[in-house]
Amino acid sequence: MNLLADPDNLAFLTGKGWADMQKGVKLSTVDVSVYDAIFVPGGLAPLVDMADDALIKKVVKETYERGAVVGAVCHGPVSLLNVKLSDGSYLVDGKNISSFTTLEEDNYARADVPFDLQTALTKQGAIYHTVDPWQPFSIADGKLVTGQNPASGKGVGEKIVAILGS
């Protein structure tokens with residue numbers, strides 16, 4: 001990838017953003033309740049690590065139920081999968097969302113993922129939205145913001161900022 005062709009990534013990698021990212025801490029040591037928003041990025045690893053992780057589910061549930069913003073992009077919406085709200089319903093049930101699509105997975109890394117995220121979210125009642133593969137697409141449903149693929153990260157971020165500013 002030519003960094004000069006993507007000024008946002010270049011600014012992040014050569015500026016304060018990259019340095020700040022190196023200061024990450026374990027989620028179990030963070031008081032998430034002090035944050036107005038959480039964001040779960042994508043990648044293939046979340047499909048293995050987050051589908052049934054109890055701490056991730058607890059953080060997403062509590063953040064959503066207290067009215068803070070929950071955002072995720074690409075494979076990151078796996079963090080929403082299997083999240084049950086206090087009323088026993090799935091968080092994604094009846095919500096407009098997106099994530100890495102079946103079609104994108106079929107033409108990318110099907111052999112490397114344990115399940116199809118689009119299918120799993122839809123089975124839990126998500127109202128699934130998608131555009132052509134690899135095109136940017138993000139959607140907000142209240143304070144739940146999701147994006148389809150890596151190209152959708154900027155749109156997810158912009159929607160989160162807009163919600164926080166309203």
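Predicted model: local features only at pLDDT ≥ 70, side-chain atom pairs only at ≥ 80, totals over all residues.
Phenylalanine 39 stands opposite glycine 71 in strand S2.

- Four strands make up an open sheet, and their order across it is S1-S2-S6-S5. The pairing in this sheet is mixed.
- S1 and strand S5 (138–141) are the edge strands, each pairing on one side only.
- From one strand to the next, the twist averages 10°.
- S1 and S2 run in the parallel sense where they pair, and four bridges join them. You can find another facing pair here: alanine 37 stands opposite valine 69 in S2.

- Isoleucine 163 is a residue of helix H7. Is isoleucine 163 buried or exposed? Isoleucine 163 counts as buried, because its relative accessibility is 17% and the cut-off for buried is under 20%.
- Setting aside neighbours within four places in sequence, isoleucine 163 is in contact with Val69, Ala140, Gly142, Lys143 and Val145.
- Isoleucine 163 and leucine 144 are 19 residues apart in sequence, and their C-alpha atoms are 9.8 Å apart in space.

**The nonpolar cores**

- Nonpolar side chains tend to be buried together in soluble globular proteins.
- How many residues does the largest nonpolar core have? It has 26 residues, and those with the most contacts inside it are Val60, Val78, Leu80, Leu91, Val92, Ile97 and Leu121.
- The elements that give two or more residues to this core are strand S1 (37–40), helix H4 (54–65), strand S2 (69–73) and helix H6 (117–123).
- A second, separate core has eight residues, among them Val69, Cys74, Phe100 and Val145.
- Valine 78 is worth a look of its own: it touches Pro46, Leu47, Met50, Ala51, Lys57, Phe115 and Leu117, not counting residues up to four places away in sequence.

**A buried glutamine**

- Where does glutamine 148 sit? Its place is in the loop between strand S6 (144–147) and helix H7 (153–165).
- Glutamine 148 has a relative accessible area of 0%, so it is buried.
- A polar atom of the glutamine 148 side chain lies 2.9 Å from the backbone nitrogen of valine 131.

**Salt bridges**

- The count of salt bridges comes to seven.
- Glutamate 62 and lysine 58 meet in one of them, through their side chains, at 3.3 Å from N to O. Both residues lie in helix H4, four residues apart, which is about one turn of the helix.
- Glutamate 62 is partly exposed, with a relative accessible area of 40%, and lysine 58 is partly exposed too, at 46% relative accessibility.
- Lysine 61 and glutamate 65 form a salt bridge as well, their closest N and O atoms being 3.3 Å apart. These two are four residues apart in helix H4, so about one helical turn separates them.
- Lysine 61 is partly exposed, with a relative accessible area of 23%, and glutamate 65 is partly exposed at 37%.
- Arginine 110 forms a salt bridge with aspartate 106, where the closest N and O atoms are 2.8 Å apart. Arginine 110 counts as partly exposed at 28% relative accessibility, and aspartate 106 is partly exposed with a relative accessible area of 44%.
- Lys16, Asp20 and Lys23 are linked in a network of salt bridges.

Key:
Residues numbered from 1 in each chain as written. Heavy atoms only, no water. Buried < 20%, exposed > 50% of the residue type's maximum accessible area, 1.4 Å probe, protein only. Polar contact = N/O pair within 3.5 Å; in protein donor to acceptor, adjacent residues only side chain to side chain. Core = buried A, V, L, I, M, F, W, Y, C linked by side-chain atoms within 4.5 Å. Contact = heavy atoms within 4.5 Å. Pairing = 2+ DSSP bridges. Axes fitted to C-alpha atoms, helices over the stretch in contact; angles between N-to-C directions. Salt bridge = Lys/Arg side-chain N within 4 Å of Asp/Glu carboxyl O.
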